[in-house]
Amino acid sequence: MKIKNKTVAAFIGRVNLNYATLFLIMIIIVAVMSSRAPYFLSAANFAVMVNTFIMEAIMALGMTLVILSGGIDLTVTGILPFSSILLALLMGSGMPFMPAAVLVVLGCSLIGFVTNFLRKTLSLHPMVVTMAIAAILKGVNLTITGGSAMSGFPDSFKAMATMTVLGMPLSWVVYIVLAAFFIIMTKFNRNFIKVYFVGGNPEAAKLSGIKTERVYMMVYMISAALAAIAGILTAITYSSASYSYGTNADMRVITTVAIGGTSLTHGGKGSIVGTMLGTLFMAVIYDAFIMSGLSTYYQDVMTGVFLIAAVLLSEFFRYLKEKVQ
Amino acid sequence: MSVLELKNITKSFGANKVLTDVNMQFEKGEIHSIIGENGAGKSTLMKIIGGIYRADSGEVILDGKPIVMHSPIEAYAHGIGIVHQELSIVGNMTVAQNVFVNCEPVYKAGFINWKKMNSDAKAALAEVGADIDPTEIAGNLSVGMQQIVEIAKVIAKKVRILILDEPTSALSDKEADRLFEILDDLKKKGVSIIFISHKLNEIIRISDKVSVLRDGVRTGTLTRDEMDEATIIRMMVGRDLGRLYPPRASSRDGQVILSSKGLSRKNKFNNIDFSLKKGEILGVFGLVGAGRTEVALSVFGADGLDEGTVYLNGEEISFRSPSDAVAHGVCYLSEDRKISGLFVDMEVRENVVSACLRSVCSRAGFLNQGMISQITDDYIKELDVHPSDCSRFRIRNLSGGNQQKILFAKWLAAKPSVLIVDEPTRGVDVGAKSMIHSILRRLAESGMAVMMISSELPEILGVSDRVMVMSEGRKTAEFEAEGLTEETVMNAVFSMDGGLK
Amino acid sequence: MIKKMCVIFAVFLAIATPVFAGGSGESAASSDGTSAVKENELYSMVVFTKGAEYFNWCYAGMRDAAAILGDHVQTELQGPAEWDASLEARTLEQVIVKQPKGILVASADETTLNSSIGKALSQNIAVIGFDSDAPESGRLSYVGTNNYDFGAAAAQFMVEQIGGSGEVAVVIVPGNIAQEERAAGFKDWISENAPDVKVVSELNDEGDVAKSETVCAALFQANPNIKGIFSTHGYGAPGAAAAARTLGILDKIVIVGSDYSSAVIELLLSGDIEGSVVDDPYLIGFESMMLAYQAAHPTSVPSANPPFGHVPPIIYGGCSVITGETLSDPAVLAKYQNPPAV
């Protein structure tokens with residue numbers, strides 16, 4: 001091979017194909033949309049686009065850990081509304097925001113603990129256990145609220161909906177802090193590195209002296225806590241709490257994680273950064289098609305088509321990469 | 001005329017040339033072995049014959065006519081069948097279903113004719129001399145039996161050329177003997193057998209011819225009366241290996257580190273006593289299923305114990321979990337590196353520190369990346385892992401022998417005082433094998449106590465200082481290795497009168 | 001591999017073409033140039049459970065109204081497929097970015113959309129609530145159904161059917177405001193206008209057909225004097241009919257349902273259900289569009305909501321009872337059996 005080709009080959013070798021594909025598709029969408037929909041490139045749309053997917057983004061961080069450990073967590077769809085309702089109840093009884101929020105997050109982590117405990121003691125697939133817990137939570141949420149939205153938060157709480165930190169809404173700040181935390185931890189912290197070992201080869205992890213059950217407990221509790229945080233932020237944003245929040249959020253979150261390159265079939269493959277990119281991709285797609293003016297049902301078709309295209313393209317690039325090398 | 005002839009076969013994967021101008025002839029009713037180190041191109045060559053790969057250039061000539069195959073199904077149509085290295089038995093189906101997978105006898109309407117399937121399976125199994133109930137669930141059979149089912153599966157397709165890729169790597173000696181009888185029988189029926197193996201003694205024992213591959217080139221073909229170990233090894237590695245095994249322990253009076261008394265676990269093993277001394281290698285020999293691995297796992301805390309006591313440095317101890325054992329300096333290097341040893345999708349460096357995460361972390365739990373790189377590079381150098389810059393490679397991309405070395409590195413990094421190794425050289429080529437043997441010896445000399453579980457008798461005799469023999473869950477004998485003969489050990493294995501009740 | 005990928009991408013491009021080539025917003029009618037002088041205006045309908053037949057009817061009404069108003073009036077239907085108020089609020093926020101002239105919104109619950117609706121109004125986008133109201137949101141107008149009257153219409157029909165006297169029961173999911181109002185309207189009309197009719201029981205079927213069958217069967221057996229049953233939602237009547245059929249008392253029981261679905265239509269045609277009270281989603285969508293246009297184009301008449309045009313705070317679309325007889329008209333039947341495509 002010629003030297004020129006060698007440099008190209010070396011470059012291709014270093015690029016993460018999955019990320020490259022997502023970027024490519026996003027660039028295409030942004031280019032096409034910005035020429036077609038005048039509002040697409042506006043600051044207002046950017047803010048809306050981020051807001052559209054911020055709750056899923058937060059939950060995707062925890063879901064990444066769960067999927068990396070070789071599991072799955074469907075409880076988030078029940079925990080998100082539950083946490084908003086619990087917050088409304090606590091604050092309705094006169095508790096100030098901070099202690100109420102802390103209590104909600106702790107309470108929901110406890111649900112994560114119970115989920116994992118049932119998974120372990122009944123030795124059931126996490127899909128089954130978490131789906132059951134989600135169903136229970138849905139029933140609890142409906143029972144508490146009687147099917148209608150809860151409002152009547154104090155004014156100081158309502159003010160948080162429009163509060164900004166460094167010019168950003170509260171939810172963005174929370175996400176940035178959490179994402180940074182998990183990027184650093186999964187890269188450098190022993191307890192988080194163990195998630196990869198346990199997901200990659202549970203048997204080997206056990207024989208390597210890793211307490212695998214502790215790792216599982218940690219990831220399910222984190223996932224539940226993040227869903228609780230998303231629930232609190234939802235309650236802040238809409239000054240309401242409702243059983244209807246977070247319906248099907250589990251599927252959107254899992255799709256986000258998968259698009260970001262975390263393997264659903266083999267634990268231990270993937271990263272938080274990939275999930276963040278997947279989040280951006282999903283946010284762009286969800287926003288672009290609403291902006292596009294396509295008929296509403298065609299939007300759903302397109303969302304599916306682009307998800308498949310993302311996967312196919314990265315497969316194709318992988319093939320090209322092997323060919324070049 | 002040869003039944004099958006390979007002419008100038010060349011094959012590359014990307015820039016990697018795996019086979020170069022390989023020529024071979026296979027005759028009717030003959031066992032023709034192919035031997036070579038890992039990566040010499042044996043498996044690729046077999047896959048070309050079996051229709052899985054196509055050669056870049058060269059011809060496969062069957063009965064004098066060149067053939068081109070696009071899939072294993074076409075190969076079967078030509079009467080060529082492969083028994084692969086990895087068993088392709090579906091564990092939860094019956095033996096008969098496995099034998100006739102994808103070619104089930106059916107009634108006209110397309111429903112499976114179970115009666116015919118079971119009787120045909122019975123016949124196919126009888127043809128390879130096995131008396132296995134075709135309605136048995138295949139997963140319940142021993143690995144050896146499964147291998148025989150696998151062969152029956154291929155034979156049932158009326159093959160003329162049977163290729164076996166490392167068929168004995170999972171078999172005990174007794175099961176292997178059984179397999180060789182079957183092969184001999186098939187040979188007499190006129191089947192041409194192509195036999196691939198690492199094990200020199202097997203090859204010499206059964207082959208009519210042996211061809212040696214080195215780095216994708218055929219270095220020679222020997223006939224029955226030309227074969228001997230030294231010649232074959234020279235042709236394989238291109239040099240003399242010198243002494244096959246490392247020297248024995250320089251000193252035998254180290255103190256006992258790990259010992260046990262009366263270890264028992266229901267249906268697994270019974271009343272096992274052993275002691276491991278500092279600086280010494282204890283070989284544990286037995287056939288597959290003798291309970292050796294089970295004892296090790298129980299001592300290690302991965303499985304429970306029903307009875308008995310384990311002593312560490314003279315004090316009674318009971319490891320509650322593997323992490324407990326590792327924390328006390330007892331490590332277990334597992335039999336199957338892919339299933340329970342390594343994280344194949346992770347980087348080499350991550351694997352190396354996976355059992356000593358605590359020691360490469362700050363107090364707050366953050367990893368010291370520089371230290372990890374340092375440790376990894378040190379072990380890569382010390383264990384001579386190839387390529388030498390593989391620190392960031394994924395395990396999946398290393399060869400079997402190098403994977404095995406990383407597995408050692410992982411446990412060495414944990415700085416254990418006791419190392420239990422289970423089948424350390426399974427599936428490893430001759431060069432890497434002697435490397436691993438000398439590593440084990442070096443570890444012992446550095447003050448570690450080593451327990452080596454192995455089914456290869458020459459390895460046990462060559463490497464160990466003491467040998468413990470197990471059979472059917474019991475300890476049957478213990479010997480000093482110096483001057484010990486294979487006969488003595490085998491007698492100890494079979495002297496058992498009763499098994500585990 | 002290359003060949004395979006080429007085929008896949010050809011298919012992909014074919015599906016994706018509309019994104020790159022399609023129009024932005026559905027034009028109400030083909031433009032023939034006559035109304036090209038007017039600047040295009042976008043009106044968005046935002047719903048929850050996108051895909052529900054009810055909302056498709058609403059959107060059909062909106063589209064037809066837009067066509068009457070002119071080619072420059074364009075419409076779109078948006079909203080999550082899930083019944084999730086927070087998702088609907090997000091969709092609403094995205095729609096606001098497109099700066100439509102007006103938004104028609106059916107709220108998944110009473111409070112969650114408040115801040116988003118407020119945001120739209122502050123950007124001079126006219127917001128009309130329809131079907132499900134958000135009363136405190138500041139929406140300019142609400143077009144929907146008066147559920148109290150809805151219940152009264154059911155009561156009137158019921159009393160006629162049972163001959164002016166006897167015991168009746170109501171099926172309801174407690175906690176649902178619309179259903180509570182229907183039940184109240186039903187009971188009040190009877191106590192005021194039919195002294196010989198008594199509402200003896202209220203049944204909770206949790207909005208489920210199977211559960212409805214169970215509770216109705218229990219009631220029929222416990223109280224053989226029951227002459228009629230009214231369900232405040234769409235699933236109660238089929239359940240009650242199934243229970244009556246099992247017990248062999250279909251002829252003796254008058255069943256009045258709410259809303260329509262293919263199951264209800266079948267039972268009306270077979271006579272197992274005597275009638276069903278329906279509101280008019282087409283009209284609700286149509287009127288909402290008209291109001292949004294009105295609000296977006298203020299006249300000289302002083303408005304209650306400046307800078308928007310003058311609109312009434314509430315319009316009720318009315319309701320009617322459909323029976324097997326109503327459906328014997330093929331045109332009417334066709335309407336109910338062929339919901340509009342969106």
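Two exercises with worked solutions follow, on a predicted model. Local features need pLDDT of at least 70 and side-chain atom pairs pLDDT 80 or more, while totals for chains, interfaces and linings use all residues. Residues are numbered from 1 along each chain as written, chains are lettered from A in the order written, and side-chain values use heavy atoms, without hydrogens and water.

**Exercise 1.** Describe the interface between chain C and chain A.

Step 1, extent. Contact (heavy atoms within 4.5 Å) links 43 residues of chain C with 53 residues of chain A. The buried area, meaning the accessible area (1.4 Å probe) lost on putting two parts together, summed over both, is about 4,000 Å². Carbon and sulfur atoms give 62% of this area.

Two salt bridges (side-chain nitrogen of Lys or Arg within 4 Å of a carboxyl oxygen of Asp or Glu) are counted between the chains. Arg90(C) and Glu56(A) form a salt bridge, at 3.0 Å from N to O.

Step 3, elements. On chain C, the elements giving two or more residues to the side touching chain A are H1 (2-21), E3 (73-78), H3 (85-97) and H4 (114-122); helices are DSSP runs (H or I) of at least four residues and strands (E) of at least two, numbered from the N terminus. H1(C) supplies the largest share, ten residues.

**Exercise 2.** State the domains of chain B and the separation of domains 1 and 3.

Step 1. The domain assignment, automatic or from a database, gives domain 1 (4-237), domain 2 (243-329 + 417-501) and domain 3 (339-415).

Step 2. Taken over C-alpha atoms, the centres of domain 1 and domain 3 of chain B are 35 Å apart.
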